[in-house]
Amino acid sequence: MAGTGVFAEILDEDSVYKYYSDGEWKKCSSGKAVAIINPTTRKTQYKVQACSQAEVNKVMESAKSAQKAWARTPLWKRAELLHKAAAILKEHKAPIAECLVKEIAKPAKDAVSEVVRSGDLVSYTAEEGVRILGEGKFLVSDSFPGNERTKYCLTSKIPLGVILAIPPFNYPVNLAVSKIAPALIAGNSLVLKPPTQGAVSCLHMVQCFHLAGFPKGLISCVTGKGSEIGDFLTMHPGVNCISFTGGDTGIAISKKAGMLPLQMELGGKDACIVLEDADLDLVAANIIKGGFSYSGQRCTAIKVVLVMESVADALVEKVKARVAKLRVGPPEDDCDITPVVTESSANFIEGLVMDAKEKGATFCQEYKREGNLIWPLLLDNVRPDMRIAWEEPFGPVLPVIRINSVEEGIHHCNASNFGLQGCVFTKDINKAVLISDAMETGTVQINSAPARGPDHFPFQVNN
């Protein structure tokens, strides 16, 4: 159970979760807390510390000091501790999954798999880190025109320093460890600023790293209001690199970060292009998986279907039949569609739906909402003048745009402000490859829905 057993020390006497600094779980000096609302009940589920800028300063000092010693720690020792943390994380998957269910309404089975997957990623990173960082490069001067063999060059990879990691709410554990593990194996220290929704899951995950025995100050986790410590963290002179996954906030961070190295992923409007020869049953199954899993709250969710007019009617009917079978309800019951993360998110999604309704989209189901819970909705005959054609709903609403040529589909895909992933369905591999080359996205899946993973695959943006 969350906050008990090995996790008891992260909860204070007032049932407020502590923040982690200098190898200890601490209460903030202000005594203030930030409430975390359960998306299903819309009531306060947890509370976390509201850290101050002064406490952030202390965290940064500890991180800088710890990093110097950690950079001298042998690679095998770094890997050993990461393997230990991975094992502890997987051992305690149940309480962490419980937090994911209550904080972000993730279906119970998916919550457990996120934790297990995260442990596997930590171990994989440790192994790859030893292999990649254990190799150097040797160059000789006469390989460049006009030079004799009078110079030799040895190169190796060195740490950046203090990494600020900011994961999103939808995969707060997995996308946190995808930043933490590479940073640590490479000899960096890390300061984690978790999302508000997902903060308690992150704190439980950090306790697993604490139990593994990492040096004090090497890993920190600060919670609090973005309005108070957000800019202070991202503009802090002690930060040497920022890794951020989220939305438009990343644009603001990039403008303020100056010359810092940045690693960012800021969302997607992943297009699904369907040709006349596609296996429509396969397409429909992947649209359901790609568009509606975790209620569409995924950067790699299918966000727009671009289907050839000649097969559009048949495809829409097949998808409608599958949508009707989706289970809607609380995450504890492992429902397919669960409440979206916040009321403001639900309001935004509803705004997109109402805009499409006013402009004449065809509703394949009745629009239904109760609190944060929105029933799955397929919108047919969507046109480019509708907001849903371009904006990312991050919810269980999927637009279908009918196209008359492949070029039309590629044009819509490439006109988007996003460039994360996409997919194309056809039985002609030559067409699939040509279309993939023309789509300006980081990854194109052929006859499969977009996805991040397996976790060791490249995950990048082309925009």
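Strands, pockets and a few single residues

The bridge partner of L164 in β8 is V191. That pair belongs to a parallel pairing of strand β7, residues 162–166, with β8, and the two are joined over 4 bridges. Before I go further, note that this is a predicted model.

Stay with β8 for a moment. The strand covers residues 189–192, and S189 and V191 point one way from it while L190 and L192 point the other way. In a regular strand, side chains alternate between the two faces of the sheet. Which of these β8 residues are buried? S189, V191, L190 and L192 all are.

Now go back towards the start of the chain. Strand β3, residues 33–37, and strand β4, residues 44–49, run antiparallel and are joined by 5 bridges. Across that pairing, V34 stands opposite V48 in β4. The two strands form a hairpin, with 6 residues between them. In the turn sits R42, with a positive phi of about 60°. Most residues other than glycine have a negative phi.

Next, the open sheet. How many strands form it, and in what order? There are 7 strands, in the order β14-β17-β18-β13-β12-β19-β20, and the pairing is mixed. The edge strands are β14, at 362–363, and β20, at 443–446, each of which pairs on one side only. Within the sheet, strand β13, residues 302–308, pairs with strand β18, residues 397–403, in the parallel sense over 4 bridges. There, L306 stands opposite I401 in β18. Helix α10, residues 309–323, packs on this sheet and touches β12 (270–274), β13, β17 (377–380) and β18. The direction of α10 makes about 135° with that of β13.

Some single residues around this part of the chain are worth a look. T300 lies in the loop between α9, residues 280–292, and β13. Is T300 buried or exposed? Its relative accessibility is 6%, so T300 counts as buried. Leaving aside neighbours within four places in sequence, T300 is in contact with D270, G290, L420, Q421, P450, A451, R452 and F459.

F394 is in the loop between β17 and β18. Its phi is near 55°, a positive value in a residue other than glycine. F394 counts as buried because its relative accessibility is 17%, and the cut-off for buried is under 20%.

N447 comes in the segment after β20. Phi of N447 is also positive, near 55°, and again the residue is not glycine. With a relative accessible area of 28%, N447 is partly exposed.

H411 is in helix α12, residues 406–415. At 58% relative accessibility, H411 counts as exposed. H411 and A438 are 27 residues apart along the chain, and their C-alpha atoms are separated by 9.2 Å.

Rolling a probe the size of a water molecule over the atoms shows where empty space is left.

The largest pocket has a volume of about 1200 Å³. It is lined by 46 residues, and those nearest its centre are F244, G246, G247, D248 and T249. The elements that give two or more residues to this lining are α7 (226–234), β10 (241–245), α8 (249–256) and α11 (343–358). Which of them gives the largest share of the lining? That is α7, with 8 residues. By class, the lining of the largest pocket divides into 20 nonpolar, 19 polar and 7 charged residues.

The second largest pocket holds about 1000 Å³ of space. Its lining has 32 residues, and T125, S178, K179, P182 and Q263 are the closest to its centre. At least two lining residues each come from α4 (108–133), α5 (174–185), β10 and β11 (262–265). Of these, α4 gives the most, with 7 residues. The lining of the second largest pocket has 17 nonpolar, 9 polar and 6 charged residues.

Note on methods: Residues are numbered from 1 along each chain as its sequence is written. This is a predicted model: local features need pLDDT of at least 70, side-chain atom pairs count only at pLDDT 80 or more; totals for chains, interfaces and linings use all residues. Side-chain values use heavy atoms; hydrogens and water are left out. Two strands pair if DSSP finds at least two bridges between them. Contact means heavy atoms within 4.5 Å. Axes are lines fitted to C-alpha atoms, for helices over the stretch in contact, and angles run from 0 to 180 degrees between N-to-C directions. On a 1 Å grid over the protein atoms alone, a cavity is a set of points where a 1.4 Å probe fits but cannot get out, and a pocket is an open set with protein on both sides within 12 Å along at least five of seven lines; lining residues have an atom within 4 Å of a point. Grid points are joined across faces, edges and corners, and a volume is the space filled by probe spheres set on the points. Ala, Val, Leu, Ile, Met, Phe, Trp, Tyr, Cys and Pro count as nonpolar, Asp, Glu, Lys and Arg as charged, and the others, Gly among them, as polar. Buried means under 20% relative accessible area, exposed over 50%, partly exposed in between (1.4 Å probe, protein chains only).
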